[in-house]
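Notebook open, model loaded. I'm jotting down what I looked up, one entry at a time.

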Number of protein chains: 2
Amino acid sequence: MSFTTYRDVLPSGLRVVTVETPHLHTALLAVYVRTGSRHETLVSNGVSHYLEHLFFRGSEGWPDTVKMNAAVEEVGGNLNGVTTRDHGYYYTPIHPAHLRVGLDIIGDMLTRPRLTDMEVERQIILEEMLDEVDEKGRDIDLDNLSKHILFPGHPLALKIAGTRESVTNLTHDQILKHFVQHYVAGNIVVTAAGRVKHSEVLEMSERAFARLPKGPASIEAPPPLTPPGPRLHFVNHDESQTEFRLNFRGVPEQHEDYPALQIIRRVLDDGLSSRLPFEIVEKRGLAYSVSASLDAYHDAGLLEIEAASAPEKAATVVTECLRVIATLCDDLVGDEELARAKRRHRMLLEFSQDSPGELAGWFGGTELFRTPESFNHRADLVDSQSAARVREVARRYLNRENLTVVAVGQRKGLKALERVVAEAPGLPAPEAPAPAAVNGGRG
Amino acid sequence: MSFTTYRDVLPSGLRVVTVETPHLHTALLAVYVRTGSRHETLVSNGVSHYLEHLFFRGSEGWPDTVKMNAAVEEVGGNLNGVTTRDHGYYYTPIHPAHLRVGLDIIGDMLTRPRLTDMEVERQIILEEMLDEVDEKGRDIDLDNLSKHILFPGHPLALKIAGTRESVTNLTHDQILKHFVQHYVAGNIVVTAAGRVKHSEVLEMSERAFARLPKGPASIEAPPPLTPPGPRLHFVNHDESQTEFRLNFRGVPEQHEDYPALQIIRRVLDDGLSSRLPFEIVEKRGLAYSVSASLDAYHDAGLLEIEAASAPEKAATVVTECLRVIATLCDDLVGDEELARAKRRHRMLLEFSQDSPGELAGWFGGTELFRTPESFNHRADLVDSQSAARVREVARRYLNRENLTVVAVGQRKGLKALERVVAEAPGLPAPEAPAPAAVNGGRG
């Protein structure tokens with residue numbers, strides 16, 4: 001590999017990760033924080049995301065936000081913030097010769113925010129949230145709806161941006177309290193990837209985050225069991241297409257079954273030759289697109305299959321998806337197909353050498369929760385999975401009881417959809433004695 | 001710059017463009033064809049896009065599409081096709097050591113397609129088209145609606161995918177005729193960018209496209225004048241947000257006014273410090289996002305400003321957008337702001353050295369229509385624009401008569417929106433004697 005990774009811990013507890021790629025002409029600066037909607041309650045829901053927005057309202061050192069943003073943009077950057085369910089990050093591409101500008105500004109934003117303009121920002125967030133609801137304010141976002149029923153009563157069920165009610169009621173005190181608790185050295189990883197030098201990144205980070213107080217990493221309540229399926233949650237929304245997601249509870253990345261799930265994901269959806277696009281789109285023309293992905297937290301994981309189709313075809317598309325999934329539980333994946341999944345996994349990691357963003361996420365983002373493995377180690381883990389092992393893991397997770405379907409669309413075709421999900425044709429019964437699939441975080 | 005570009009014309013007339021970036025670990029293969037919806041009629045509308053889909057149904061050399069796709073995916077690729085209004089392209093990332101696999105397959109696809117499975121593919125396309133319409137089949141896509149009224153009676157007004165009616169009626173003969181006419185050597189540019197060698201790309205292209213018949217580049221009817229504004233086209237659609245686009249007819253990339261328009265675009269929207277995001281989002285919290293972009297054909301261009309907001313705020317957002325635009329016509333852009341726009345333009349081109357996709361588009365895609373300029377030449381053109389020149393160009397194009405607004409949303413707030421567009425407050429009158437803005441393709 002043409003990059004070198006470094007990791008150091010400053011006396012404050014702040015972790016600094018550098019990925020040196022001297023062959024590239026860019027750099028990516030990213031600061032990861034272990035705080036998101038799963039560190040909230042029903043009442044404080046949305047506070048992590050609200051706080052993320054307020055950081056962009058200026059800091060003590062940069063009270064004028066036009067100047068703050070302009071300084072970063074002047075050196076090829078674009079300040080950005082993202083909040084997820086279990087973490088947040090602040091990042092910018094940046095000209096490698098001007099890394100200090102970006103680090104100084106993000107450092108000031110995150111250690112001395114002014115937290116002003118709360119009311120203007122509240123309006124912006126309420127506006128942003130409209131994307132996830134219908135014209136009557138009801139949830140229509142597949143991801144929000146899925147998490148809500150997969151993790152009942154747990155903070156992972158909360159929406160990242162919060163609810164209209166919680167955001168309307170959030171106070172300055174609540175936001176300040178959240179900031180003081182979570183933006184501490186032990187809860188943050190500073191990362192630079194690209195044409196940068198670790199010694200310089202380390203020195204600059206120490207200076208830029210000198211004001212960051214010491215403090216521990218956030219802790220999270222373990223996720224609950226998902227209620228046994230097969231279950232269907234349907235939301236009526238009169239759009240031209242019905243969208244749906246099949247959720248199977250899986251495991252986190254470090255679990256011993258995860259590499260086999262990575263292969264299962266690739267066999268299902270990794271290019272036009274993979275099974276779902278071929279069977280659903282190309283062969284039968286049932287939907288315009290279908291996708292499978294793995295969603296992982298440090299203590300839980302999901303295999304998600306998503307598609308959209310004309311309402312009257314939705315039940316057929318789900319039936320076909322289940323049939324394709326069932327073949328993984330019944331038959332061994334062929335040698336060529338298995339070899340291709342492994343080869344692509346390794347090759348795409350090789351391509352990531354040219355992407356500061358992917359390198360920062362792998363080595364910096366992961367560091368929030370655990371020590372990231374090398375590309376080669378991960379590729380070796382995937383390579384070591386046999387066809388028998390893949391089938392064993394498919395049977396463990398892709399069973400009837402572990403299926404939760406969420407659909408949003410017209411009522412047309414709903415009865416058929418209900419029947420298909422209730423039958424879950426072809427899927428195996430869960431393993432005795434208890435469904436292993438819902439026990440996350442064993443690795 | 002750390003890349004070298006090469007261009008050769010094979011005896012058949014096929015152009016081969018290579019961008020060698022020996023520092024990267026990937027390659028991007030792209031074949032550009034000068035055919036899209038502007039080469040169609042009302043009756044044949046959608047034929048370019050339909051044909052693009054059918055290429056993926058296999059070729060004489062690769063009748064089994066799973067094998068065809070698998071062969072490309074095996075070497076890190078993903079076959080993709082895109083159809084636009086004035087061209088189409090077929091591309092895949094690929095491991096640089098296996099370029100030949102990708103070229104051979106795309107070459108076979110585009111010279112010996114089987115054009116089978118028309119009916120399955122028709123269903124897929126009709127499904128795909130649902131995205132652009134409401135549940136009653138009416139157009140709700142801002143881009144389609146805009147082009148429809150900006151280029152009345154001209155093929156640029158046609159939708160890329162066609163209409164439900166035209167796609168339902170397209171015959172195999174029509175598709176074959178379109179293929180024979182447009183997929184000829186003089187109408188195609190083969191491009192490879194990444195860790196590749198031009199001598200090899202040339203040799204491989206010659207072999208892979210040996211069956212490509214000679215033939216000329218497509219020709220296009222010049223675009224018509226846009227009817228004088230200010231005009232508003234509104235479509236009722238009961239979503240939570242009202243979306244709208246302000247269109248100003250501009251000029252193509254090679255026009256002498258284009259570099260000033262590039263600066264205008266960056267001053268309006270190029271990071272959080274730029275004027276539209278600051279005024280609309282950050283300062284007033286009127287919308288969650290707003291963007292400005294340039295859309296260019298070889299003989300026409302557009303400056304587009306797009307936003308989405310709560311329905312009752314739509315008129316206010318449009319008013320503010322117009323106010324921000326008006327300042328560009330009234331006042332000189334400040335020195336710092338102008339310098340930042342130029343500097344960012346040059347720096348982001350520098351970053352493109354690491355992106356095979358951007359390099360292929362710049363040097364290969366442009367080649368379909370004209371000789372692409374170097375990064376430095378383009379950056380010099382932008383650098384040479386003075387503040388006075390930018391204001392002069394703003395006045396020429398951002399005037400009342402040149403404004404066409406398209407909005408999709410709830411009826412709530414419509415009256416106010418109509419008033420604002422009719423008044424177009426702050427915008428200058430068009431220059432005497434005739435609005436220069438609507439005369440495209442002068443460069």
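**Entry: a strand residue.** I started with Ile94(B), which is found in strand 5 (residues 88–94) of chain B; helices (H or I, at least four residues) and strands (E, at least two) are DSSP runs, numbered from the N terminus. Ile94(B) is buried, as its relative accessible area is 0%. For the record, buried means under 20% relative accessible area, exposed over 50%, and partly exposed in between (1.4 Å probe, protein chains only). I also took the C-alpha separation of Ile94(B) and Asp134(B): 38 Å, with the two 40 residues apart along the chain.

**Entry: ground rules.** This is a predicted model, where local features need pLDDT of at least 70, side-chain atom pairs count only at pLDDT 80 or more, and totals for chains, interfaces and linings use all residues. Residues are numbered from 1 along each chain as its sequence is written, chains are lettered from A and ligands numbered from 1 in the order in which they are written, and side-chain values use heavy atoms, with hydrogens and water left out.

**Entry: a helix residue.** Next I looked up Tyr258(B), which sits in helix 9 (residues 258–268) of chain B. Tyr258(B) is buried, since its relative accessible area is 7%. Its C-alpha is separated by 20 Å from that of Leu359(B), 101 residues apart along the chain.

Entry: Most residues other than glycine have a negative phi, and most peptide bonds are trans, so I went through the exceptions.

- The peptide bond from Gly229(A) to Pro230(A) is cis, with omega near 5°. I placed Pro230(A) in the loop between helix 8 (198–208) and strand 7 (231–236) of chain A.
- Gly229(B) and Pro230(B) are also joined by a cis peptide bond, omega about 0°. Pro230(B) lies in the loop between helix 8 (198–208) and strand 7 of chain B.
- Ala424(A) is not a glycine, yet has a positive phi of about 40°. It is in the segment after helix 16 (414–423) of chain A, and it counts as buried because its relative accessible area is 1%.
- Leu115(B), not a glycine either, has a positive phi of about 50°. This one lies in the loop between helix 3 (99–111) and helix 4 (118–129) of chain B, and is buried at 5% relative accessibility.

**Entry: salt bridges.** I found 84 salt bridges over all chains, where a salt bridge is a side-chain nitrogen of Lys or Arg within 4 Å of a carboxyl oxygen of Asp or Glu.

Arg15(A) pairs with Glu367(A), the closest N and O atoms being 3.8 Å apart. This pair links distant parts of the chain, 352 residues apart: Arg15(A) is in strand 2 (residues 15–20) of chain A, and Glu367(A) in the loop between helix 13 (356–365) and helix 14 (375–383) of chain A.

Glu320(A) forms a salt bridge with Arg284(A), closest N and O atoms 3.4 Å apart. Glu320(A) is in helix 11 (residues 314–330) of chain A and Arg284(A) in the loop between helix 10 (275–283) and strand 9 (289–297) of chain A, 36 residues apart. Here Glu320(A) is buried at 11%, while Arg284(A) is partly exposed at 31%.

Arg396(A) forms a salt bridge with Glu431(A), with 3.5 Å between the closest N and O atoms. Arg396(A) lies in helix 15 (residues 387–397) of chain A and Glu431(A) in the segment after helix 16 of chain A, so the pair ties together parts 35 residues apart in sequence. I noted Arg396(A) as buried at 14% and Glu431(A) as partly exposed at 28%.

The network of salt bridges links Arg85(A), Asp143(A), Lys147(A), Arg245(A), Asp295(A), Glu304(A) and Glu306(A).
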